[in-house]
Amino acid sequence: MRTTSTQSTAARQSRQALNQTLAGPVMAKLVGMVPELAWVPRGRELETALRDCDLLNRCFIAFRTHRASFRPLLVDARGRPVSNDNTQLNCGRTVNQVIAMIVRSAAKRHFRARLDGFPPGRAERLHRRREVGWGGMLAWMNSRVEESRGRKSRSPGDQLYDAIRRYLLHDWQVPIIPQYARMTPPEVRALGSRILDFRDAAELSAWLDGAADQRQMPAEWVVEPVLLASEPQPEPEPEAVPVVPASEPVQGAATLPGAPLVGEGRPRLGDVLSADGRQIRMETVVPLLTTPAIKAALGSPGREELRRAARALSMTGSGTVRRLTVDFGLDPEQMTAMLAKSALLLPPGVYERLFGRRGELVLILALIGRARAAGLDAEASPAAFAAFMDDLFGRFAR
């Protein structure tokens, strides 16, 4: 009993030390390499990167590109620099094991947010904000949380994670996580280690979109899974799991991870994001607000109302745009109708908290989930999206 307790304590202390290193020195270096991290509240950088696959991918790119800057942190138990990713660090794990841990943490968060709604504890924390309509709106959007907490069975997000976790090993898998979320546990188990042969999101997306009889796998597998030897204790809960962000400055939006996921005929992110990739492209949105179709969808607002909507739309962050165009597959007209209707209904402060640059990803994912449940998809008209937002937020309007 005493030996088991000692081992458990040592493992917990090791995880805590690793978390502190990732959240402290590692993130401090990455903030200077990844522009988007500079806008994140201090102390929230690690968690923010874990909840945003695009940002986490850029963090990994930065880590790989500027690895020399992290050399003082990559040392073994004797303080000697470690250059081999399979050599044990002073925390007791290898670089590859830490990367796998981070990828799994990000995947677990994404699966839970996308398939289950709000992660446990998040809704209660968000409830504390009490601006106009904020608390009531969150309570309504999060109506499924309390019910799901009482269930004894594993949630859909956790079931998918259980099926795929052993194959979440590499940093290049981070951009593919949104496509993994489209799979079912039986599909994952049927593929087994061959899931690692899909090296980019577009390839897996095409395979998932194909008919069952067309899902033929390549004859040769270019990736062999490397399972972690003597894998550490089961991963801690998301709140305690480390995140190794590392990212590279983004000079534009067209090449952001996820852009290839947009189907043929859909806009690239560069068409709907600003040049710095941080917010919505107003040059695309503003002309749409004056078109007859969009004005009719919005209820024929007056000129001053449209101006107010445009001012609110200018606060829309890149995370919202990516989720609506990439995850949901909306075109500029549909997205404009959806967001403009929200801007007309909600106070500017509430709109910014929902859809702004520091908006909560889980809120956008919950919004997309409700839209899908209402029967909306990429083929629905802009008027249908505006009507959906009116039904969703009308009760919280001024």
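Two residues are said to meet, touch or be in contact when they have heavy atoms within 4.5 Å of each other. The helices named on this tour are DSSP runs (H or I, at least four residues), as strands are (E, at least two), and both are numbered from the N terminus. The model is predicted, so local features need pLDDT of at least 70 and side-chain atom pairs count only at pLDDT 80 or more, whereas totals for chains, interfaces and linings use all residues. Residues are numbered from 1 along each chain as its sequence is written, and side-chain values use heavy atoms, with hydrogens and water left out.

**The whole chain**

Of its 398 residues, 51% count as buried, where buried means under 20% relative accessible area, exposed means over 50%, and partly exposed lies in between (1.4 Å probe, protein chains only). Among the contacts in the protein chain with a separation of 6 or more, 73% are accounted for by residues 24 or more positions apart.

Two packed helices are described by the angle between their axes and the distance between the axes. The axes are lines fitted to C-alpha atoms, for helices over the stretch in contact, and the angles run from 0 to 180 degrees between N-to-C directions. Select α4 (95-116) together with helix α8 (residues 156-164), and you will find that their axes come within 7 Å and cross at roughly 145°. The crossing of α4 and α8 is right-handed; a crossing has this name if the near helix is turned clockwise from the far one by less than a right angle, and is left-handed if anticlockwise.

Which residues of α4 and α8 meet? Show the side chains of Arg104, Lys108, Phe111, Arg112, Leu115 and Asp116 in α4, which meet Pro156, Gly157, Asp158, Leu160, Tyr161 and Ile164 in α8. The residues of this contact divide into six nonpolar, one polar and five charged, where Ala, Val, Leu, Ile, Met, Phe, Trp, Tyr, Cys and Pro count as nonpolar, Asp, Glu, Lys and Arg as charged, and the others, Gly among them, as polar.

Move on to helix α16 (residues 318-327) and helix α19 (residues 361-373), which pack at an angle of about 30° with their axes 10 Å apart. The crossing of α16 and α19 is right-handed. Here Thr320, Arg323, Leu324 and Asp327 in α16 meet Leu361, Ile364, Leu365, Ile368 and Arg372 in α19, and by class this contact has five nonpolar, one polar and three charged residues.

**Aromatic rings**

Rings of Phe, Tyr and Trp (its six-membered ring) pair if their centres lie within 6.5 Å, and the planes count as stacked when under 30 degrees apart, as edge-to-face when over 60, and as tilted for the rest. By this rule the count comes to four aromatic pairs. Select Phe63 and Phe70, whose ring centres are 5.2 Å apart and whose planes stand at 65°, so the pair is edge-to-face. Both Phe63 and Phe70 are buried. Another pair, Phe198 with Trp207, is tilted, with 5.5 Å centre to centre and 50° between the planes, and both Phe198 and Trp207 are buried.

Now select Leu37, which lies in the loop between α1 (2-31) and α2 (45-50). Is Leu37 buried or exposed? At 1% relative accessibility, Leu37 counts as buried. Leaving aside neighbours within four places in sequence, Leu37 is in contact with Met27, Leu30, Val31, Glu45, Leu55 and Cys59.

Val75 is found in the loop between α3 (53-65) and α4, and is buried with a relative accessible area of 12%. The C-alpha atoms of Val75 and Leu89, 14 residues apart along the chain, are separated by 5.6 Å. Not counting residues up to four places away in sequence, Val75 touches Arg80, Pro81, Val82, Leu89 and Asn90.

Finally, select Ser300 in the loop between α14 (292-297) and α15 (303-313). Phi of Ser300 is near 55°, a positive value in a residue other than glycine, and at 56% relative accessibility Ser300 counts as exposed.
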